[in-house]
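Please keep the sequence and the model in view while reading.

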Amino acid sequence: MTKKRVAILTHGLSTNGIESLLIEIFRNISLDSLELDVIMALDPQEIPVHEQEAVALGVRTIHLCDLDGFKKKLAYSIGLYKQLKKGNYDVIHANMDMLNGICLLIASLAGIRKRICHAHNTLNTTVKVLSAKGVYYSVMRLLIHLFSTHRIGCSEKANTCFFGKKPALVIPNGIDLARFQASDARIEPAEIGLEGGVHYLATVGRFTEQKNPFFIVDIIAALTEIRTDVKLVWMGSGSLEKDVHARAEKLGVKEQILFLGARTDVHRILPHCEVFLLPSKWEGFGIVLLEAQAAGLTCVASQEIPHDADAGGCVFVSLKENASVWAQTVSALLDSSRPVADPNRLRAFDIRETARTIQTLYES
């Protein structure tokens, strides 16, 4: 049987939500009828920590240049066309956010007939229509409209953002529930500096504007004015990391935050925590909310992001509220019976179902 060749476009195979979802799909997809190539636009600041595992699973990885600046974007586009042309692919699966527009145009020029656009995110709603970024969004949406043959997304909100009123399939992001629920897999507290008698909060995400990292520091600062028995475990890396450290230093809460960097063992750390913070300015889905709920945490997330990942363990607070309100919400949860996820609702997000749906899409 001739296997279908699939080109999967991504920024890398690091620990962010999109790339963590992809490695989970690779762990649960059958390659009996497929050949998967992951074509990465590597940011030099990001470490593709999942690449070695992907290769071990039978996925081929291909590195193109990063996208830092116009010249790099042009070089990436040329390199992508050459790779797609020589790769003889049957399917392209674009996971590059709004850059999907250019990628799908290139795929069309390269002769790929099935072109899947995957909407993983919503957009910054503060961007003005006539600004450079606003024009960019409009052009990319037009290209997506013209050159995608199949449209999928992690939520209705993400699909509307990318595709407008065009028909699109919602495929909820999935996780390996068993991994986050395995109590025997917990990391030893001393390995990451956890102490007794402390309530630990957690957050996972890149240090970028989207994740609202400075506001997270503000929340911790406000929380320390209420109580002294709380610390934050922060897993992630990114371009704003040094500035966030400086903000924590300035507000006097550097000692209350454990900066652990990008981790591949988040599932071993989360069960030591009680409350998860996600005050993102925008999200397509918020897969980390699922992971945290599966590990038994209560999530305090921004009202403005989709609620699709709420399995019963989420509390939503508006970003219009100040850090003190967020801190009071967290403190009250620590002192009461916290809402946790409903196991039956969590089962709807089993990664095996997500992988089966993606596989069927590739093969059809």
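How far is the sulfur of cysteine 161 from the closest cysteine sulfur? The partner is cysteine 154, whose sulfur lies 10 Å away, too far for a bond. A disulfide is defined here as a pair of cysteine sulfur atoms within 2.5 Å. The model is predicted, so local features require a pLDDT of at least 70 and side-chain atom pairs count only at pLDDT 80 or more, whereas totals for chains, interfaces and linings use all residues. Residues are numbered from 1 along each chain as its sequence is written, and side-chain values use heavy atoms, with hydrogens and water left out.

A search of the whole structure returns zero disulfides. Cysteine 103 likewise takes part in none, the nearest cysteine sulfur being that of cysteine 117, at 9.4 Å. The relative accessible area is 0% for cysteine 103 and 14% for cysteine 161.

Contact means heavy atoms within 4.5 Å. Tyr76 is among the residues that touch the most other members of the largest nonpolar core, which has 99 residues; the others are Phe26, Leu36, Leu84, Phe276 and Tyr362. Such a core is a set of buried Ala, Val, Leu, Ile, Met, Phe, Trp, Tyr and Cys residues joined through side-chain atoms within 4.5 Å. A second, separate core of 28 residues includes Val253, Trp326, Ala327 and Leu334. In soluble globular proteins, nonpolar side chains tend to be buried together.

Alanine 54 belongs to helix H2 (residues 51-56). Helices (H or I, at least four residues) and strands (E, at least two) are DSSP runs numbered from the N terminus. Alanine 54 is buried, at 0% relative accessible area, and it contacts Leu13, Ile23, Phe26 and Val59 once neighbours within four places in sequence are set aside.

A charged residue in the interior comes next. Lysine 114 lies in strand S5 (residues 114-119). Lysine 114 is buried but has no salt bridge, and the nearest side chain of opposite charge, that of glutamate 363, is 9.2 Å away. Lys and Arg count as positive and Asp and Glu as negative, with His and the chain ends not counted; a salt bridge is a side-chain nitrogen of Lys or Arg within 4 Å of a carboxyl oxygen of Asp or Glu. The lysine 114 side chain does reach the backbone oxygen of serine 364, at 2.4 Å. Tyr362 is among the residues that lysine 114 touches, as are Asp90 and His150.

Two loop residues close the tour. Asparagine 88, in the loop between helix H3 (70-87) and strand S4 (91-94), has a positive phi of about 55° although it is not a glycine. Asparagine 212 has a positive phi near 60° and sits in the loop between strand S8 (199-204) and helix H8 (213-224). Most residues other than glycine have a negative phi. Asparagine 88 is exposed, at 62% relative accessible area, whereas asparagine 212 is buried, at 12%.

Conventions: Buried means under 20% relative accessible area, exposed over 50%, partly exposed in between (1.4 Å probe, protein chains only). A polar contact is a pair of N or O atoms within 3.5 Å; within protein, one must be able to donate a hydrogen and the other to accept it, and residues adjacent in sequence count only if both atoms are side-chain atoms.
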